[in-house]
Amino acid sequence: MSPQNIAAWIRSPKADLEIDEAPYHEPGPGEILIKNEAIAIQPLDASIRKLAYMPVPYPFILGSNIAGTVAAVGADVKDFKVGDRVVSSTPTYVAKEAKWGGWQRYVLSKAESTAQIGDADFDLAVALSFPLSTAVGALHVYGGMEKPGEGDSSAHGNEKVLIWGAGGAVGGYAVQYAKSVGYTVIATASPRGFTHLKEIGASEVLDYKSSEIESQLRKLGTFKYLMTASGDPTSQQVLSNLLQPNGGRFISTRAGEVDLPGNVERVYNTFEFATQKPEFSEYAQWWYTTYLPKAIAGAVEPTPIEKRSGGLKAIQAAAEDVLSGKAKSKIIMNPQE
Ligand SMILES: NC(=O)c1ccc[n+]([C@@H]2O[C@H](COP(=O)([O-])OP(=O)(O)OC[C@H]3O[C@@H](n4cnc5c(N)ncnc54)[C@H](OP(=O)(O)O)[C@@H]3O)[C@@H](O)[C@H]2O)c1
């Protein structure tokens, strides 16, 4: 008999989550079923829950990143077997079907968007995967930055990269990625994050709340890549100003809200979903078989996590804390509790 599956359902836009039974799906070709042991609450999940930030069909199960143990594999799946410990990105927000939702005990996913994690901690693996994938998707896939070890990394030493809002998970991973490619990284964050950001690769860190921030950054010279990891309107405006008078492009984790001059391009996308898109299949293969397993094994310094008890029932409060800024670390929950 199949185990009972339980999910945190959202039944209509902005509704409170309801804990209730959900179907237990047998995996089809190319699919695996994962016993979900760790969920990381992302700002995107929290924004869809409370603000209906992205259209999804209701009733729905949110969440697109989980870690756990393989419970069943589709007939043609060769790289995974029952009992393997994995982290997975599910196509929840691309395919928009509840069966892929991460906020349930048994989650259907695709073998091609799943990575083996060996004996690494589930919490660490799930905390790392979504924001790291966002940072690398933004800088490499959409921004055009090289992969680590590609070309002559020593040639980049004098070239600068600006990561604004590096105090968060995406920003911290963007700093590490740019540094690993060989660039000199300048970051902005709140002062409490300065020491850590220098330890993980930033050459200089400035307070983004300073009234002098724009002129301080301008004095540091020109940047080959500019990224706002916080994506807020102020950061977009400052990055746009820094590109004057010649113009150019900056990468932003959030869209819109600021009217930009004609000579400035804002590179925005749902960067984490790059691994789900057929046009980036080569990147996705590198990501799941090489980069992510190495990152989880220790090549990337994880941002802090906060483990919360309460299982699926506690997700709603956790998501509120993520949106309000009360959560200062990635919140991780175990849906089996
Ligand atoms: N486009 C995509 O694909 C995508 C994917 C994932 C996330 N996102 C977006 O990226 C942003 C960051 O996500 P995350 O997971 O890194 O969040 P997070 O880990 O929760 O980041 C929170 C931190 O961001 C910093 N921050 C907040 N507001 C800021 C501001 N106005 N200016 C500068 N820094 C600010 C703060 O750092 P300090 O402590 O230094 O103040 C805060 O501690 C969110 O807006 C999220 O919605 C986009």
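Predicted model: local features only at pLDDT ≥ 70, side-chain atom pairs only at ≥ 80, totals over all residues.
| Residue | Protein atom | Ligand atom | Distance |
|---|---|---|---|
| Lys-330 | side-chain N or O | oxygen | 2.9 Å |
| Ser-230 | polar side-chain atom | nitrogen | 3.4 Å |

How much of the ligand does the protein bury? On its own the ligand would expose 930 Å², and 79% of that is buried by the protein. As for where to look, the ligand sits in the largest pocket. Two elements give two or more residues each to the shell around it: α3, covering 122–142, and α4, covering 169–181.

Sorted by class, it has 10 nonpolar residues, nine polar ones and five charged ones. Of the 24 residues around the ligand, the ones that come nearest are Ser-190, Arg-192, Tyr-208, Arg-254 and Phe-271.

Now for a piece of the fold. An open sheet is built from three strands in the order β2-β1-β4, and the pairing is antiparallel. Why is one side of β2 and of β4 left without a neighbour in the sheet? Both β2 (18–21) and β4 (60–61) stand at the edges with a single partner strand each, so one side of each has no neighbour there. If you zoom in on β1, residues 6–10, you'll find that β1 and β2 pair over four bridges, in the antiparallel sense.

Tyr-58 and Pro-59 are joined by a cis peptide bond, with omega at about -5 degrees. You'll find Pro-59 in the loop that runs between α1 (43–51) and β4. That loop between α1 and β4 also holds Ala-52, whose phi is near 50 degrees, a positive value in a residue other than glycine.

Where does Pro-245 lie? Look in the loop between α7 (233–242) and β13 (248–252).

Note on methods:
Residues numbered from 1 in each chain as written. Heavy atoms only, no water. Near = heavy atom within 4 Å. Polar contact = N/O pair within 3.5 Å; in protein donor to acceptor, adjacent residues only side chain to side chain. Areas by Shrake-Rupley, 256 points an atom, 1.4 Å probe, with all protein chains shown as cover. 1 Å grid on protein atoms, 1.4 Å probe; cavity = no way out; pocket = protein on both sides within 12 Å on 5 of 7 lines; lining within 4 Å. Sits in = over half its atoms within 2 Å of the grid points. Nonpolar A, V, L, I, M, F, W, Y, C, P; charged D, E, K, R; others polar. Pairing = 2+ DSSP bridges.
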